[in-house]
Amino acid sequence: MRVKCVICDKIESIHDETLQAKRLRNRPIHTYMCQSCHDRIEDKTNARIATGKFSLYASKVTKEDW
C-alpha cells in the first residue's frame with residue numbers, strides 16, 4: 001500500500017496486512033506520518049516538556065451518582 005505523509009508529502013509503501021494499513025483503509029480520519037516526521041515532533045515535544053512550562057490539559061470527567 002502506498003501512503004503519503006501528511007506533513008512532508010513523502011510517499012512510502014507499507015505492507016497491506018499491517019494494522020496501520022487496515023486503519024488507513026477503513027477509517028479515513030486516520031492519517032499517515034512518516035518516521036522522520038514522527039521522530040522530529042517527538043524530540044521537539046520532549047524538549048518542551050523538559051522546560052517545565054508544558055502542561056497537558058485533560059478533559060474533566062464528571063462522575064454520575066447512579
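Colleague: Is E12 buried, partly exposed or exposed?
Modeller: E12 is partly exposed, with a relative accessible area of 23%. Buried means under 20% relative accessible area and exposed means over 50%, with partly exposed in between (1.4 Å probe, protein chains only). Please note that this is a predicted model, in which local features need pLDDT of at least 70, side-chain atom pairs count only at pLDDT 80 or more, and totals for chains, interfaces and linings use all residues. Residues are numbered from 1 along each chain as its sequence is written, and side-chain values use heavy atoms, with hydrogens and water left out.

Colleague: Which side chain does E12 meet in a salt bridge?
Modeller: The partner of E12 is K10, with 3.7 Å from N to O. A salt bridge here is a side-chain nitrogen of Lys or Arg within 4 Å of a carboxyl oxygen of Asp or Glu.

Colleague: And K10, buried or exposed, or in between?
Modeller: K10 counts as partly exposed, at 36% relative accessibility.

Colleague: How many salt bridges does a search of the whole structure find?
Modeller: The search finds one salt bridge.

Colleague: Turning to the cysteines, how many disulfides are there?
Modeller: The count comes to zero disulfides, where a disulfide is a pair of cysteine sulfur atoms within 2.5 Å. For C5, the nearest cysteine sulfur is that of C34, 3.7 Å away.

Colleague: Are C5 and C37 buried or exposed?
Modeller: C5 counts as buried, at 1% relative accessibility. C37 is buried as well, at 4%.

Colleague: Which residues form the positive surface patch?
Modeller: The positive patch is formed by K22, R23, R25 and R27. Patches are made of residues with over 30% relative accessible area and no salt bridge; like charges are joined within 9 Å, and nonpolar side chains (Val, Leu, Ile, Met, Phe, Trp, Tyr) within 5 Å. Lys and Arg count as positive and Asp and Glu as negative, while His and the chain ends are not counted.

Colleague: Where is R23 found?
Modeller: R23 is in helix α1, residues 19–26. Helices (H or I, at least four residues) and strands (E, at least two) are DSSP runs, numbered from the N terminus. R23 is partly exposed, with a relative accessible area of 39%.

Colleague: What about A21, buried or exposed?
Modeller: A21 also lies in helix α1, and at 0% relative accessibility A21 counts as buried. The C-alpha atom of A21 is separated by 9.3 Å from that of R2, 19 residues apart along the chain.

Colleague: Which residues form the nonpolar patch on the surface?
Modeller: V6, I7, M33 and I41 form the nonpolar patch, with about 300 Å² of accessible area together. Accessible areas come from the Shrake-Rupley method with a 1.4 Å probe, and for residues only the protein chains shown count as cover.

Colleague: Where are I41 and V6 found?
Modeller: I41 is in helix α2, residues 35–51, and is partly exposed at 35%. V6 is in the loop between β1 (2–4) and β2 (11–13), and is partly exposed at 48%.

Colleague: What is phi of D9 near?
Modeller: Phi of D9 is near 60 degrees, a positive value in a residue other than glycine. Most residues other than glycine have a negative phi. D9 lies in the loop between β1 and β2 and counts as partly exposed, at 48% relative accessibility.

Conventions
The place of a charge is taken as NZ of Lys, CZ of Arg, CG of Asp or CD of Glu.
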